[in-house]
Amino acid sequence: MKYINFKTACFVAISASMMGSVSADTLRMAFSVAPSTIDPFKSSASGTASLNEHLYEALVSRTNDKLLATSYGWTDDTTLVVNLREGVKFHNGADFTAQDVVYSSCRMMYRVGGKKNMLTSAMGPVTDVVAIDDYTVAFKTVGLYPILIQKLKSLSILDSGDADLGSTLKFDNTGDCGITRYPTKDEFATGKYANGTGKYKYESFSNTGDAVLVRNDDYWGNPGNWERVEISSVGNSGARMAGLLAGDYDLIENPTGEDLLALEGNSAYSFSTEPSWRTIFLVLDVGSDVAPGVTAADGTNPLKDIRVRQALSLSINRDAIVDKLMGGNATVASQFAPSYQNGADSSMPDLAYDADKARQLLADAGYSDSITINLRMPTNKYQNGKRVGQAIAQYWSRIGIEVNLVAEPWSVFRKGRSARELGVFMYGWGHPQGPAQMISYAFGTRNKPLNLGGSNYSNYSSPDFDAAMTAWAVETDEAKAFEYNQAAMRVAVEDLPGIPLYYQHSIWAHTSDISVSGRPDERTFADMASKN
Amino acid sequence: MINFILKRLWHSGILAITMSLIVFFGMYVVGDPVEMLSDDEFTEQDKIDLAIELGLDKPLYEQYFTFTGDMLQGDFGTSFVYNRPVLDLIIERLPATLEISLLAMVIGLSIGIPLGIFSGIKNNSRASKIISFFTTVGYSTPNFWQAIILIMVFAVFLQWLPASGRGLTNSMFGVEWSLLSIDGLRHMALPAVNLAIYKICMQQRLAKSGTQEILYQEYMTYARAKGISRYRIIRRHLLRNILIPIVTITGLEVGGLIAFSTVTESIFSWPGIGKLLLDSIHMIDRPVVVAYLILITLMFVFINFVVDVMYAILDPRIRHQK
């Protein structure tokens, strides 16, 4: 009897939710990370970036589509000239011109309320931004800086009419560009200046992370799919799923693997996945004489030995991790950036799984049954991260390595990492700016002028890798840059300063009456969804 | 009385200072705010700039003295994450927590005490046993589990109530309240009941044991012998006497509800201060966490003070003590 009641309840729940979500042209989304501001330059965190992308546009989209730019090119080594789209209007009706690009660049560098914008590094070594005419703008750099156009993906364009420009607007990467008044932080928070060229217009935003947007009917391209978009923020994944099932939301970010199993038997709901640019990999301290948390019987750092690194990689069955632990919602990695990302070597050979060979390599290196590794990882950061960590620990113990898995909160983990206390750790990283970016930070020898090696926690240094990377950093020809990047990637995969595991997929759960085509950059945009 | 108040002030000062020390240095041990705020793309120089901006480049003791010095002048600092004054953040979110706590408390008291008195008087009845059984279960199952069950039943299966968020708010005294609209109340229902379950159970047990103790006092027998009506005995003699422990506990519980309804707030995505605290701890937003906990300490001190005064009003022995 009870069973029947339960089934009836389910039926009622399902039919009610189907009725609920057929409502008007409104899309209700639940984010997993709360947007903290509608100022597009303040934070690169996913929630904030997702929200702001509805309102503001950059010159080029994250997937390299031309938005406010129609074409661009380097006229000499240090000048990037961008031609702008004509006939574009801001939400307040003002026309978009080159002046707005100069103003937005100034606003990016300007310390509003004395605080540096979190995305300032996007401007890189730009020394000047000049409006050549109304629809042409030139960016000048200190030296060769081919990835500038990629970096400018973070430069959201604001309306220069929102500030008092003073007599002459002249870009100045340390000062105020001669602008007499910028909208203050508080003014910005009122939404009065949430004025971009994006597909959706601002209606309301509360700093607890809820926002309401409406369609911009004057958009220059195809208008948005939805008349109205309501964004809520629900950090707890269970609560997010409950909200979907309760009919509070139409689309939610990042459901857990367990929740997906529950959805599979329910025709009212569905989920969509998209391979993301994030690679999950292990970082190995291969350079220090003593790697923290890694010990061998003879007191050396065993990770310095390439045979040990190869053994660590060979012992992991990536197919099993992807199929069994990730339920197929991941792609086995063969390198440190997804093979499907633009510019990557798509023919990189698979990384083998051969536990016997791994044991043999350890024996050859003289480290049979003598290595202890503390495998550190952040909790609640990557999908199924903890279980993957446990699997790695088991694979390694099978070849005679003693592994202590240490899972810590993100804050504790980050502190340990910056203090370089982590000899071996799991990390996830992806870049909208192409496959070379991540390895240039993670495995390059520290090179400040070229901005290489800033996050090299492997303490890795390889002349071959650096040669390819430094050539890449100043190569303006895209095809050649890709070649250098692929050469560097081959060196890294050969040397294994880290161990690639898999490329994560992003997942969105939603009602069955909408279809969703996801994005590879883990952001959520209303137009990903359309009504069936 | 003045002596009593002065002593209380002195104690609360020491408490606040101790609290600030523990939390300030504790947060420092847990994580590095610069690391939390910076992107993987940040250069070393970006991180140094950020540290200087946040005042984190100075030695820790200096940071502490700057922080406490500012606080004495009423400036609780600026949140690292939200980039806004901490006090504004807390005050903005306080109404959400206040209304949900008060609603939970009202539900808890109005159901818990009558149930307790009933089961105290009719101790051996079947109904009393059933009530006690349920309150024991409610008392001992974890709060978050109850929250999940509530969501499952009322939001997912029955679809009567929304599962999360605050819903429509209306303005009163320049503050946004959910209490004032039907939609807001619907959103409040589940989190308030979630918070109230524990209160109901506790109040029931308190009232029950109090009732049983008082019921057999000589003055109760005397009152009955005098022929006073049953209703009057319960109201004048029983209720008054069992209220003393209830007032103490309720005072502390109100404080607890306001300060630490973090679990309920995060499960129901209720945008109150508990959720703010949790989010800030995750992000190592030190100014928010320290200021929050100091304010909470002061609030508890104040509540205790109010409780003591209430005692004096309720219990003539304390009132007339010299």
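This is a predicted model: local features need pLDDT of at least 70, side-chain atom pairs count only at pLDDT 80 or more; totals for chains, interfaces and linings use all residues.
Entry 1: I found 36 residues of chain A in contact with 36 residues of chain B. Next I looked up which helices of chain A supply that side. Helix 1 (2–20), helix 6 (237–245) and helix 12 (410–418) each give at least two residues to it. I then sorted the chain A residues that touch chain B by type: twelve are nonpolar, 17 polar and seven charged.

**Entry 2: a sheet in chain A.** I traced an open sheet of four strands in chain A, ordered 2-3-5-4, with antiparallel pairing. Which strands stand at the edges? They are strand 2 (69–76) and strand 4 (126–133) of chain A; each has a single partner strand, so one side of each lacks a neighbour in the sheet.

I followed strand 4 of chain A to its pairing with strand 5 (residues 136–141), which is antiparallel and runs over six bridges. Asp128(A) stands opposite Lys140(A) of strand 5 there. I also checked what packs on the sheet. Helix 3 (residues 98–109) of chain A does, touching strand 3 (79–84), strand 4 and strand 5. The direction of helix 3 makes about 165 degrees with that of strand 4.

**Entry 3: nonpolar cores.** I looked up the largest nonpolar core, which has 118 residues. Met29(A), Leu68(A), Ala242(A) and Leu251(A) touch the most other members. Helix 8 (residues 182–215) of chain B contributes the largest share, 13 residues.

I picked out Ala242(A). Beyond its neighbours within four places in sequence, Ala242(A) contacts Ile151(B), Ala155(B), Val156(B) and Ala163(B). Another core, of 68 residues, lies apart from the largest one. Val332(A), Leu375(A), Tyr395(A) and Tyr441(A) are among its members.

How values were computed:
Residues are numbered from 1 along each chain as its sequence is written. Chains are lettered from A and ligands numbered from 1 in the order in which they are written. Two residues are in contact if their C-beta atoms, placed from the backbone, lie within 7 Å. Ala, Val, Leu, Ile, Met, Phe, Trp, Tyr, Cys and Pro count as nonpolar, Asp, Glu, Lys and Arg as charged, and the others, Gly among them, as polar. Two strands pair if DSSP finds at least two bridges between them. Axes are lines fitted to C-alpha atoms, for helices over the stretch in contact, and angles run from 0 to 180 degrees between N-to-C directions. A nonpolar core is a set of buried Ala, Val, Leu, Ile, Met, Phe, Trp, Tyr and Cys residues joined through C-beta atoms within 7 Å. A residue is buried if 20 or more other C-beta atoms lie within 10 Å of its own, exposed if 12 or fewer, and partly exposed in between; C-beta atoms are placed from the backbone.
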